[in-house]
Amino acid sequence: MTGVAPRATIVPVRCVDAVELTPDNRNFGRAIEYLMDLDDPPVSVISISCGGAPHYTLEEIIQRAVREKNIIVVAAAGQYAFSSWDNS
């Protein structure tokens, strides 16, 4: 398979067993810490797709990945499951 980065290595990491409305953010944190510790090859980009309420410990782990390991973190977030946004 080729694309815009044919020499890139993809390291898939599953941190939840199923789609969850309120995932356990500790699992996301553990997954990021695991990726921060990889050396061969070192991780340069982490892509996260999740939603939910803010979690400050997870934020701290992401900041460490960026500052200490120079990892680019891309995060996609949707509407919070209990949003008061009115679509009418």
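From the N terminus on, the elements of the protein follow the order α-β-α-β. That makes two helices and two strands. The model is predicted. Two salt bridges are present, and salt bridges that share partners link E33, R64 and E68 into one network.

**Overall make-up**

- The protein has 88 residues, and buried residues make up 18% of them.
- Take the contacts with a separation of 6 or more: residues 24 or more positions apart account for 71% of them.

**Elements mentioned here**

- Helix α1 covers residues 25-37.
- Strand β1 covers residues 45-49.
- Helix α2 covers residues 56-69.

**Salt bridge between the helices**

- Side chains of opposite charge can pair when their charged atoms come close.
- R64 forms a salt bridge with E33. The closest N and O atoms of this pair are 3.3 Å apart.
- R64 lies in helix α2 and E33 in helix α1, so the pair ties together parts that are 31 residues apart in sequence.
- R64 has a relative accessibility of 32%, so R64 counts as partly exposed.
- E33 is also partly exposed, with a relative accessible area of 29%.

- E68 forms a salt bridge with R64, and the closest N and O atoms are 4.0 Å apart.
- Both residues sit in helix α2. They are four residues apart, about one turn of the helix.
- E68 counts as exposed because its relative accessibility is 54%, and the cut-off for exposed is over 50%.
- R64 takes part in the bridge with E33 and in the bridge with E68. Through shared partners, E33, R64 and E68 form one network.

**The loop at P41**

- P41 is found in the loop between α1 and β1.
- P41 has a relative accessibility of 38%, so P41 counts as partly exposed.
- P41 and T9 are 32 residues apart along the chain. Their C-alpha atoms are separated by 7.8 Å.

How values were computed
Residues are numbered from 1 along each chain as its sequence is written. This is a predicted model: local features need pLDDT of at least 70, side-chain atom pairs count only at pLDDT 80 or more; totals for chains, interfaces and linings use all residues. Side-chain values use heavy atoms; hydrogens and water are left out. Buried means under 20% relative accessible area, exposed over 50%, partly exposed in between (1.4 Å probe, protein chains only). Contact means heavy atoms within 4.5 Å. A salt bridge is a side-chain nitrogen of Lys or Arg within 4 Å of a carboxyl oxygen of Asp or Glu.
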